[in-house]
Every structure is written in structure tokens, then in C-alpha cells.
Number of protein chains: 2
Amino acid sequence: MNSANIRIVLVNTSHPGNIGGAARAMKNMGLSRLVLVAPRKFPHEEADWRAAGAQEVLQQAVVVDSLAEAIADCQLVVGTSARGRRIPWPVLDPRRCAVDVQAAVGRDEQVALVFGREDRGLTNEELQACNLHLHIPSHEDYPSLNLAMAVQVISYELRMLALEGQLPEASTDEWDAPFSTVENMERFYQHLEETLVQIDFLDPAAPRQLMARLRRLYGRVRLDEMELNILRGILTETQRAATAASPPEKAGD
Amino acid sequence: MNSANIRIVLVNTSHPGNIGGAARAMKNMGLSRLVLVAPRKFPHEEADWRAAGAQEVLQQAVVVDSLAEAIADCQLVVGTSARGRRIPWPVLDPRRCAVDVQAAVGRDEQVALVFGREDRGLTNEELQACNLHLHIPSHEDYPSLNLAMAVQVISYELRMLALEGQLPEASTDEWDAPFSTVENMERFYQHLEETLVQIDFLDPAAPRQLMARLRRLYGRVRLDEMELNILRGILTETQRAATAASPPEKAGD
């Protein structure tokens, strides 16, 4: 996804801290084009502070007087909206919206994601200038997200979509040692069982479910070869210690 | 998903504003249990201000001295982590992590989502107290998310998963008028074509692709019955006006 085609547009932002927070959220997610429509206070030290390592997003931000100016060259304009507008409009959640945005960027279109005022959002007139409305499905007890947080959520969805197929599917996709083969695991279980018998923890005449439970434990965790070697080493040492400690009469049998 | 089984644990937070921001993000996404491990400054007016309508999350927050205390009764502990730890550990992105959290909550387990310090995250020792590590796949140019933003992203993923199947699949699932049938659309196209011929916009001898393009336009937008009635009304009025304006000799033909 070419993020240069995506601009975040903040309309009449009151708190400069939110502009800074939005800039940081954008850069964290690989976005960089910020357009500010008549911000109350900008530039401002509070914006700089909240932007932290995303100063350049603020420095390159474009300040304009009207929403019309901010979106003039855009082919897809998405407006963020609370629920319950008088005239229904196509409304998407951030995940489904990201799909539309990615498709538009794929056609090399210019896309604007428009966020309204902290207290009142976008006006009906501004929402009608958008092709699509986006709603973050927040909880009914307190639905109003902080402005920069809303930018974070939507930027995150765009990034997740851009990374799709590149993220590890399983939690262990990036591992530093190969996982054990079944063959090596079987050798380990055999070694473990021998050792448990030798230290009198396992009675071969009444084994109960002990080995089954241990197999389930080690099977579930998926041992890598390094871990397996460590466990085998422990077993070997345990056997040696047990043999050395055996009473001489038994050892002589 | 029973959100009472999920706690957000913030370890040694420096900035009280981040505690407030995290509280708001939680309540926005339907979470309420906040545990603070030795926060630098709490309670604090900056936390209250950033929490906005989520004061009750702060008021009910539990303050403890150690991570061990915060997670003692938990069955699943997830630690947030930057990439590149020395010892690889099962690492999930927030979306896949949410699935594990939901499954644990479904088994009525207690789950902790643990977030580290603003500047250094969690220590290796703290990470080793976790069953699972979570990484937000941020951009390599500036990977470090603000603490409250990280809480927002992960709380959002939990909410999206909880709402799965309840969110409208298409952007028009909640609409105030029924969408038009093919039959009514065909009547409209016929009416439109007649009218365009009548106003000499369409030459039946050389129609080119005009109707095909108009069909594509209206087909793509999916008209509802109310919109269709409006358009039909416009066509009827257009025909009436065109007839009235016709030169008498032609009208008399």
C-alpha cells in the first residue's frame, strides 16, 4: 500500500496535544501526510511534545482553511462518524473501511480520512462531502474516543491490512532453533520413562497415566532441538546420579 | 466475552496522562479493570483530565507494589513486547492475541494484559512471567507506540472480536428504506431512456454507450425505493416540462 496516497485530515482541532498524538500514531503505522483544517492552536509546544519522535509529520503538515480545500484532489473521502445520524449513509467499521482504502490506493487514487472536532465531530454538511462514513464500534456506555486514539485505530487497521500475509500466522513462526522431530521426541520419551523407572518414580507394574500426561505436556509445548538436548542432558545426569547412589549390593546384582 | 475477567496491568507508568488515556481507551472498548503496579504519580489531575468520561475506571483502579501481585490469580498473562528480545518467545500480533484471550475468558479464566514502562517496556524478568508475548506490528521507522495508544489498539481488537458477527457485513446493512427490486429498476431505466430521447439528449439512432453507463452508475450505488421514487418524479416532471415547451406544430403532429 502506497501510504503517500493517504492523508489524515483533522478538522478544527481544539487541543494541540491531539494533533501531536495523531502525528505519532500515524508515523508508528507508516503514514506521514497530515492536513489540518483551521486548527485552533498550531504550531504548539504541546503538539510537539505529544508527537515525540514524529516531529517531521508535524513539520510537513499542511494547514488549510476549509475541508473543501483539504480534499479537492481526492477520489475517496472517508469521514469518521458517531452513530445515529439523521440520514443513513454507507457506514463501515475500520476493518472493512481499510479494505476500501487499500483498493483505492491500489488504483493510485488519492484518499482522505477525515476526523472532526473533539466535541462535535463533523457537521452534517461535512459528512455529506464524504463518499463513505466510518464508525469505530465503541461501547455504548462511553462511545466517544479521543481524537488521536481514533486516528491510531484506523491507521493500525490500514497497517494490519498492508502487512496481511507477512505477519507470522502462528506465535512461533520466528524461532531460533528447529523444532524436534517426532523421532527425537520418541527417543526422549523413552529416555524419560527409563529414568523415571530408575529413580522409582514410575512403577512399570502400575504405570497409570503418568507417561500419557507427560507426553501431553511436552507435545503441547512443542520442544525445539536445543530444549530437547537440555532435557536429555538432565535425564542422563539423573541416571548417572541414581546409579552412583545405588546401594552396592544392588549394583552388584 | 466477559470483560470482568480481563485486567489491564500498567507497570511503573511515569506519566499520569497515560494512565488516564488508557482508562478512557478501556471504557471506550468496554473494559473496566485497571491494575497499576507502582505508578510514579497516581492519583493525579493529569490522569483525571485525560480519562475524561472514564473517571470510574481510575477510581476503581487497583494499585499494587509488584507485577507478581497484579497477576497472582491469572491463568493467562500476556506481556506487550518490542521485537528483538534475546530469547524468542511465542509472539502474537494483537488480532491473533485477542483470539487466545477470548478463548481463555470463555473458559472463565482470569486474563492479564501487561504493559511496561514508557521508556523501557517490560524487563526480561517480567516478560518471562508471561505466557505469551504480544507485539503491535508498528513501522520500523518509528516503532514505539505511546502507552495509552497501545492499550487502545489491543482493547479495540478485543472489542472487534467480541462483536464479530454482530457488525454489519456491508456498509448498507442498516438502511431506512428497502432497496429497489430489479423490476422497479428496469421500469426506471425505461422511463429514463424515454425521457432522454424526449429531451433530445439521447439519439435512438446513435445511442452509443449512454444507457450502459447510466445503468452502471445506478446499479453500483444501489438505489432504495425512496430514492427511486424521487428520480422517477424528476423524470415525470421533466417530461411534462418538455412536452409543455414543445413547439405547437410538433405537438400537433
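Predicted model: local features only at pLDDT ≥ 70, side-chain atom pairs only at ≥ 80, totals over all residues.
1. **Make-up of chain A.** Start with the secondary structure. Chain A has eleven helices and seven strands. Its radius of gyration is 30 Å. The globule rule gives 18 Å for 253 residues, so chain A is more spread out than a compact globule.

2. **Dimensions.** Along the principal axes, the C-alpha atoms of chain A fill roughly 95 × 40 × 40 Å.

3. **Burial and contacts in chain A.** Of the 253 residues in chain A, 34% are buried. Now take the contacts in chain A with a separation of 6 or more. Residues 24 or more positions apart account for 83% of them.

4. **How the copies are related.** Chain A superposes on chain B with an RMSD of 0.2 Å.

5. **Where the chains meet.** On chain A, 38 residues are in contact with 37 residues of chain B. Which elements of chain A give two or more residues to this side? They are helix 1 (16-28), strand 5 (91-92) and helix 7 (147-163). Helix 7 of chain A gives the largest share, seven residues. By class, the side of chain A that touches chain B has 19 nonpolar, eleven polar and eight charged residues.

6. Compare the interface residues of the two copies. Of those in chain A, 97% are also interface residues in chain B, so the copies meet through the same surface.

7. **The nonpolar core.** In soluble globular proteins, nonpolar side chains tend to be buried together. Here, the largest nonpolar core has 110 residues. V9(A), M26(A), V9(B) and M26(B) touch the most other members.

8. **A look at V9(B).** Set aside the neighbours of V9(B) within four places in sequence. What else is in contact with V9(B)? The partners are V35(B), V37(B), A70(B), I71(B), A112(B), L113(B), V114(B) and F115(B).

9. **Helix 7 of chain B.** This helix covers residues 147-163, which is 17 residues. From first C-alpha to last, helix 7 of chain B reaches 25 Å. That is close to the 24 Å expected at 1.5 Å a residue. Is helix 7 of chain B mostly covered or mostly open, and how many of its residues are buried? Helix 7 of chain B is mostly covered, with 14 of its 17 residues buried. Just after this helix, G165(B) takes a positive phi of about 90°.

Notes: Residues numbered from 1 in each chain as written. Chains lettered and ligands numbered in written order. Contact = placed C-beta atoms within 7 Å. Helix = DSSP H or I, 4+ residues; strand = E, 2+ residues; numbered from the N terminus. Nonpolar A, V, L, I, M, F, W, Y, C, P; charged D, E, K, R; others polar. Rg over C-alpha atoms; globule rule 2.2 N^0.38 Å. Buried ≥ 20, exposed ≤ 12 C-beta atoms within 10 Å, placed from the backbone. Least-squares fit on C-alpha atoms with pLDDT ≥ 70 in both. Core = buried A, V, L, I, M, F, W, Y, C linked by C-beta atoms within 7 Å. Expected span 1.5 Å × (residues − 1).
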